[in-house]
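Welcome, and please take a moment to look at the chain before reading on. The paragraphs below will walk you through it step by step.

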Amino acid sequence: MTGSNSNQVLTITGSGSNPAAAEGAGGYSGYTATVQGAQMAFLGGSQIQLLINVGTTARTWSVQVVNPNGQASSAASLQVVAPPPPPVIASVSPNPMTGSNSNQTVTINGSGFQSGSG
């Protein structure tokens with residue numbers, strides 16, 4: 001999952017979870033915390049979806065489902081990767097540019113550019 005400071009949908013697929021009160025649990029660096037009050041949807045006996053905010057730091061989360069009777073699933077790892085850095089403009093040339101009614105070529109140098117229109 002690419003890191004973000006916004007909520008993202010996490011789908012947990014498995015078996016034996018209880019729709020009454022299944023909880024997604026996540027943690028990192030050896031710490032485990034239950035995601036309480038998260039918007040959660042039970043999609044049947046094999047899937048749970050919840051909104052989770054993992055932040056923008058690259059790290060590994062441990063994900064676990066706990067049924068109301070205390071039975072817990074084995075833990076699965078969720079790898080969070082840092083989002084790509086924003087683009088940076090180092091220079092524009094020519095600069096200054098002479099005004100013209102014809103198309104002109106402008107070169108933008110920098111880093112973090114992604115292909116596509118924009």
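What follows is a short tour, from the overall layout to individual residues.

Please keep in mind that this is a predicted model, in which local features need pLDDT of at least 70 and side-chain atom pairs count only at pLDDT 80 or more, while totals for chains, interfaces and linings use all residues. Residues are numbered from 1 along each chain as its sequence is written, and side-chain values use heavy atoms, with hydrogens and water left out.

Let us begin with the overall layout. The chain has zero helices and nine strands; here helices (H or I, at least four residues) and strands (E, at least two) are DSSP runs, numbered from the N terminus. Along the sequence the pattern therefore reads β-β-β-β-β-β-β-β-β. Of the 118 residues, 18% count as buried, where buried means under 20% relative accessible area, exposed over 50%, and partly exposed in between (1.4 Å probe, protein chains only). The chain exposes about 7,900 Å², and carbon and sulfur atoms supply 49% of that area; accessible areas come from the Shrake-Rupley method with a 1.4 Å probe, and for residues only the protein chains shown count as cover. Among contacts with a separation of 6 or more, 54% are between residues 24 or more positions apart, a contact being heavy atoms within 4.5 Å.

How confident is the model? The mean pLDDT (the predictor's confidence in each residue, from 0 to 100) is 78, and 73% of the residues reach 70 or more. Confidence is lowest in strand β3 (residues 31–34), at a mean of 36, and highest in β8, at 96. Over residues 21–34 pLDDT stays under 50, and the model has 38 contacts beyond four places in sequence for them. Where pLDDT is low, the predicted coordinates should not be read in detail.

The largest nonpolar core has eleven residues: L10, I12, I48, L50, I52, V54, W61, V63, V65, L78 and V80. Strands β1 (8–13), β5 (47–52), β6 (59–66) and β7 (76–80) each supply at least two residues of this core. Such a core is a set of buried Ala, Val, Leu, Ile, Met, Phe, Trp, Tyr and Cys residues joined through side-chain atoms within 4.5 Å. One member, L10, touches M1, I48, Q49, L50, I52, V63 and L78, not counting residues up to four places away in sequence. Another member, L50, sits in strand β5 and counts as buried because its relative accessibility is 3%. L50 and Q8 are 42 residues apart in sequence, and their C-alpha atoms are 8.1 Å apart in space.

For a contrast, find S74 in the loop between β6 and β7. Is S74 buried or exposed? S74 counts as exposed because its relative accessibility is 63%. Leaving aside neighbours within four places in sequence, S74 is in contact with V63 and Q64.

Finally, visit the loop between β8 (88–93) and β9 (107–111), where P94 lies. A cis peptide bond joins S93 and P94, with omega about 0°. P96 is in the loop between β8 and β9 too, and a cis peptide bond with omega about 10° joins N95 and P96. Most peptide bonds are trans.

On the surface, I89, V92, M97, V106, I108 and F113 form a nonpolar patch with about 520 Å² of accessible area together. I108, in strand β9, is partly exposed because its relative accessible area is 46%.

Note on methods:
Patch = residues over 30% accessible without salt bridge, like charges linked within 9 Å, V, L, I, M, F, W, Y side chains within 5 Å. Salt bridge = Lys/Arg side-chain N within 4 Å of Asp/Glu carboxyl O.
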